Amino acid sequence: MVERATLWVEGLSRRWTAWRKTRAWKRAAALLAVVTVAACAVYLGPQLLAGLRGLDWATLRGAVRPAGLSVLLTAACVLLGGLNWWLILRGLGYALPLDLCLRIHTGSNLAGYLPGYAWKYLGKAYLTGKHGVPARALAAALGYEFAGLLLSGLLVSLALLPPSLQAARWQPIWPALRGAAIALTVAGLAAAPLVLARFVARGHGSGPAGRFARPPVLWGALLLMVGSWLLYGTAHALLVSGLAPLPRGGWQVCVFSLAASYVVTLVALFVPGGLGIREAVIAQSLGTIIAPGAAALVAVSARLALIVAELVAFGLAFLWTALRGQAGGAAGHTEAAEEGHNRSITQMGE
């Protein structure tokens with residue numbers, strides 16, 4: 001079963017690589033991105049305006065502390081993404097420094113807002129490849145990260161799916177369908193490290209040897225993804241609570257709203273940063289527990305909070321590197337001075 005899945009992933013990777021290099025695909029992806037963002041703007045814009053017209057601003061809390069804490073937790077989640085990239089590369093046998101992985105991850109996140117498709121992943125591949133990671137291992141690492149984020153986000157979304165958003169006409173069989181979907185998602189997460197190890201081992205020297213692939217480390221990366229979804233969802237709930245009072249069970253809806261919005265945008269790689277799509281999903285799902293206008297306002301605020309958090313994480317990653325460089329330089333000067341002192345003593349003795 002694992003071997004068959006490995007062959008399927010390898011064939012899909014080859015076809016996808018060849019397809020995305022064609023001029024027709026690039027034009028189609030750019031056109032699709034424009035159309036999708038425009039459609040989301042057409043949906044979200046009137047909803048936001050209509051909601052704001054009927055919104056009682058006196059009902060909004062406007063609490064600064066929860067919003068500020070939300071930004072800090074979101075920045076922490078962005079940095080956890082860099083830690084996750086470090087774990088994935090180590091699981092494949094490439095021990096890049098942690099601060100370098102943090103810089104690569106935070107920098108490629110900002111590149112995700114550039115026009116085009118999947119710039120976040122292309123930027124991450126380019127920045128990581130400059131440090132000696134071969135193309136096959138990069139393809140495996142990026143595919144694993146993408147599949148892990150998609151499956152872990154889907155797992156969190158299914159596990160925390162609010163009753164108000166469940167399909168009413170499928171109610172008799174809904175628990176069975178939901179349980180089967182969760183089981184398949186967990187099975188996919190459990191098998192992903194094994195499939196990745198087989199995929200890399202088939203490289204015949206173009207990647208790390210199969211014995212260097214470490215499934216326990218790769219499973220650890222998946223667990224970190226699940227924890228990051230929950231932490232990011234909590235940050236999202238804090239942002240919502242800073243604008244509107246949360247009813248009972250609101251945390252569950254907020255985490256589901258956040259995870260589901262990202263799962264949808266992960267599929268829509270051609271949209272820069274998931275712009276518009278993520279806001280539409282958040283506004284629609286949060287509209288079940290707070291006023292529609294407040295939900296639309298939260299959707300826009302969540303985008304602004306994310307941009308600020310990504311800039312903060314980017315700055316912290318480079319600040320850490322600078323501080324480490326200064327510490328390393330001071331240590332180097334100290335070692336050189338000690339070596340010169342010892343050499344002088346040796347020469348005097350001679």
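Me: Leaving aside its neighbours within four places in sequence, which residues is proline 215 in contact with?
Reply: This is a predicted model, in which local features need pLDDT of at least 70 and side-chain atom pairs count only at pLDDT 80 or more, while totals for chains, interfaces and linings use all residues. Residues are numbered from 1 along each chain as its sequence is written, and side-chain values use heavy atoms, with hydrogens and water left out. Proline 215 is found in helix H8, where helices (H or I, at least four residues) and strands (E, at least two) are DSSP runs numbered from the N terminus. With contact meaning heavy atoms within 4.5 Å, and with neighbours within four places in sequence left aside, proline 215 is in contact with Pro193 and Leu194.

Me: Does proline 215 count as buried or exposed?
Reply: The classes rest on relative accessible area, with under 20% taken as buried, over 50% as exposed and what lies in between as partly exposed (1.4 Å probe, protein chains only). Since the relative accessibility of proline 215 is 19%, the residue counts as buried.

Me: What distance separates the C-alpha atoms of proline 215 and glycine 91?
Reply: Along the chain, proline 215 and glycine 91 are 124 residues apart. In the model, however, the separation of their C-alpha atoms is 6.7 Å.

Me: How many helices does the protein have?
Reply: Read along the sequence, the protein follows the pattern α-α-α-α-α-α-α-α-α-α-α. There are 0 strands, and the number of helices is 11.

Me: At what angle do helix H6 and helix H8 pack, and how is their orientation classed?
Reply: Helix H6 covers residues 135–159 and helix H8 covers residues 215–243, and their axes are 9 Å apart. These axes are lines fitted to C-alpha atoms, for helices over the stretch in contact, and the angles run from 0 to 180 degrees between N-to-C directions. Angles under 35 degrees count as roughly parallel, over 145 as roughly antiparallel, 65 to 115 as roughly perpendicular and the rest as oblique. H6 and H8 pack at about 45°, and their orientation is therefore oblique.

Me: How many nonpolar residues are in the contact of H6 with H8?
Reply: The H6 side of this contact includes Tyr144, Glu145 and Gly148, and the H8 side includes Leu218, Trp219 and Leu222. Ala, Val, Leu, Ile, Met, Phe, Trp, Tyr, Cys and Pro count as nonpolar, Asp, Glu, Lys and Arg as charged, and the others, Gly among them, as polar. On that basis the contact has 3 polar and 1 charged residues, and the number of nonpolar ones is 10.

Me: At what angle do H8 and H9 pack?
Reply: Among the residues that meet here are His236 in H8 and Ser257 in H9, and the contact of H8 with H9 has 11 nonpolar, 4 polar and no charged residues. The axes of H8 and H9 are 8 Å apart, and the angle is about 120°.

Me: What is the relative accessibility of serine 257?
Reply: Serine 257 has its place in helix H9, which spans residues 250–267. Not counting residues up to four places away in sequence, serine 257 touches His236, Val281, Ile282, Ser285 and Leu286. The residue counts as buried because its relative accessibility is 0%.

Me: Which class of accessibility does valine 300 fall into?
Reply: Valine 300 is found in helix H11, residues 292–349, and its C-alpha atom is 9.6 Å from that of arginine 278. Because its relative accessibility is 32%, valine 300 counts as partly exposed.
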